There are 2 protein chains.
Amino acid sequence: MAVTIYDVAREANVSMATVSRVVNGNQNVKPATRKKVLECIERLGYRPNAVARGLASKRTTTVGVIVPDISKSYYAELSRGIADVATMYEYNIILSNSDKRTSREVELLEDHLGKQVDGLIFMSDSITEEIRHEMETANVPIVLAGTLGSGTNLPTVNIDHEQAAYEAVKKLIDNGHKRIAYVSGPLTRDINRLCKKVGYERAIKEAGLPIIEEYFIETDNTYDDAYEQWRKLSTMKERPTAIFAGNDEIAVGIMNGIRDDGFTVPTDIELICFQHTLLSRAVRPQLTAIVVPLYDLGAVSMRLLTKLMNGEEVEQMEVELPYRIEERQSTN
Amino acid sequence: MAVTIYDVAREANVSMATVSRVVNGNQNVKPATRKKVLECIERLGYRPNAVARGLASKRTTTVGVIVPDISKSYYAELSRGIADVATMYEYNIILSNSDKRTSREVELLEDHLGKQVDGLIFMSDSITEEIRHEMETANVPIVLAGTLGSGTNLPTVNIDHEQAAYEAVKKLIDNGHKRIAYVSGPLTRDINRLCKKVGYERAIKEAGLPIIEEYFIETDNTYDDAYEQWRKLSTMKERPTAIFAGNDEIAVGIMNGIRDDGFTVPTDIELICFQHTLLSRAVRPQLTAIVVPLYDLGAVSMRLLTKLMNGEEVEQMEVELPYRIEERQSTN
DNA sequence: ATGAAAGCGCTAACAG
DNA sequence: CTGTTAGCGCTTTCAT
């Protein structure tokens, strides 16, 4: 049996209340008493039981993080931001992978809530009706990190993907391109359908260029699929001269396809993408990219959550972080 | 106030013991009663409080995972393996980053233990005396994942890095190379000092070649540093003709250095490395690499932990997973 | 098959 | 400044 607060109290000849006070840093303890108690704690190797504490205080100092897939560098980076701020505010994190399956997301929400997390950070492609409903039953704050709230009025931290996509494509247009393809991730994802694609089309239209259906390519977001999909573009009579890619993994797949066909980037084809990983900088030529502040997205989300958990007034429930476009070697 | 087991009991006209039984799937409940209880649970929206349950049962169905840095794809991949098996056995995961700082590791161990995790998976560079001591105070099983036990007799899941390094270098030797450099991560890490370097030297010696001090380059394990360090190699009169890199991020840094200097891989210089990320396959030429089964390392660790937590007899406390060398384009 | 009752280890009034 | 006393919500004997 582990040593309990009661053992310490007995050993130190004080009540458990006093022990509790010194453990919790309550000032109402005579220094001498504190010292005595601390000694006993040390001697007995007492380690407060957070579960009992959680039950008694109704705070677990634990927050849930539901993420599509932690093995994806995008979410891993974001999670690190969350974790660092969590540590700063003395919260632990329960981390679960949803694979973006709604049924799993619901399960996890239920699960985390059952574990009495003090708050929750949620990441996904989109908030389905079911999820939204589930979230309403929660009695703790939930913030969406890098995730579209779409209609929910949930607190959110994100960047303006639509505008970022617009600017990226605009840049290609300014470089004189007329035939610009967009190689996207799955359109089932709100972020691709509602943001990146819309930004792309806005830039194209604004420049008075036609929206060409064939210039839109959907991939499953993997390097390998992107590499394959390049075929579609390469065999067109009116081959695009510039490509906007949904992320750098796609961009690298495309770029390798381009080069394996004997073309050169950026001479023959210019390339720009969203940067989610080291890939953008590690490949040659390095990719001109929209740098997404993943770590900050996580950190700010967690910071927002701490405020919400503390019942602090929060002015901005929808935080929009800045991004920047870093010009490298895949554009002129 | 949330609805409790007592509310359900009252509503269903049974005792809380009975409600507890149906919630926990105990068979000693008349089907009719079970049905009635289930209805009330549904109607009231009852959600069992895992904290109270944990306190009463002394099992939290939560395991701790202490990882150096989740944003590193190496650990992210491993963690995903852990998480999937954890889900399978209905455990949640508390995930914390240690940045490999011993003081932080001790803190986290203490912290997780306080949260009453049922078990712990630990990853780091090496187990210091302090950590080992801390681990001894734990009353739950701890397994080391992808981490050298070095003398502790803790359960461990890993690959034979020494042998893998040996085979990689051997391959270079078989390809006729006499001047083979080893570009390593920090030697402060057991895995580099005690495994990879030793394997490298074993292969060199076995081939009757001299161990040349200059051919050993230490980096901080980042792409950027590796890129810089290439200078040291490039300016040597007896420039190496083959390089063994501690991981693919290093390898890519080196490779880009090589190419920016106008040399060609593998024609001028052959390259082989440990594969930790997608990088190996995404760069051109693709890197010949020792494929480390990161996901499996995590999955098997967690599986082992479940056995330990169940008090099952475990025959092998030190599991060694197979690896393979995948020949790609950076070697002939 | 079901209920009563005693904790699990701690916090949080409330007294003094 | 310190002690007493209720719980927190659930599991778990032990009876019945």
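1. Strands E8 (residues 242–245) and E9 of chain A run parallel and are joined by 4 bridges. The model is a predicted one. Across this pairing, A:Ile243 stands opposite A:Leu271 of E9(A). To get from E8(A) to E9(A), the chain passes through helix H11 (residues 248–260) of chain A, a β-α-β crossover that is right-handed.

2. In chain B, 6 strands make up an open sheet with mixed pairing, in the order E7-E6-E8-E9-E10-E12. Its edges are strand E7 (216–218) and strand E12 (324–326) of chain B, each of which pairs on one side only. On average, and with direction ignored, neighbouring strands of the sheet are turned by 20° against each other.

3. At the E7 side of the chain B sheet, strand E6 (residues 180–184) and E7(B) are paired in the parallel sense by 3 bridges. B:Tyr182 has B:Phe216 in E7(B) as its bridge partner.

4. Helix H8 (residues 161–174) of chain B lies across E6, E8, E9, E10 and E12 of chain B, and runs at about 165° to E9(B). Helix H9 (residues 190–206) of chain B packs on the sheet and touches E6, E7, E8 and E9 of chain B. The direction of H9(B) makes about 175° with that of E6(B).

Conventions
Residues are numbered from 1 along each chain as its sequence is written. Chains are lettered from A and ligands numbered from 1 in the order in which they are written. This is a predicted model: local features need pLDDT of at least 70, side-chain atom pairs count only at pLDDT 80 or more; totals for chains, interfaces and linings use all residues. Side-chain values use heavy atoms; hydrogens and water are left out. Two strands pair if DSSP finds at least two bridges between them. Helices (H or I, at least four residues) and strands (E, at least two) are DSSP runs, numbered from the N terminus. A crossover is right-handed if, with the strands pointing away from the viewer, the path from the first strand over the helix to the second runs clockwise. Axes are lines fitted to C-alpha atoms, for helices over the stretch in contact, and angles run from 0 to 180 degrees between N-to-C directions. Contact means heavy atoms within 4.5 Å.
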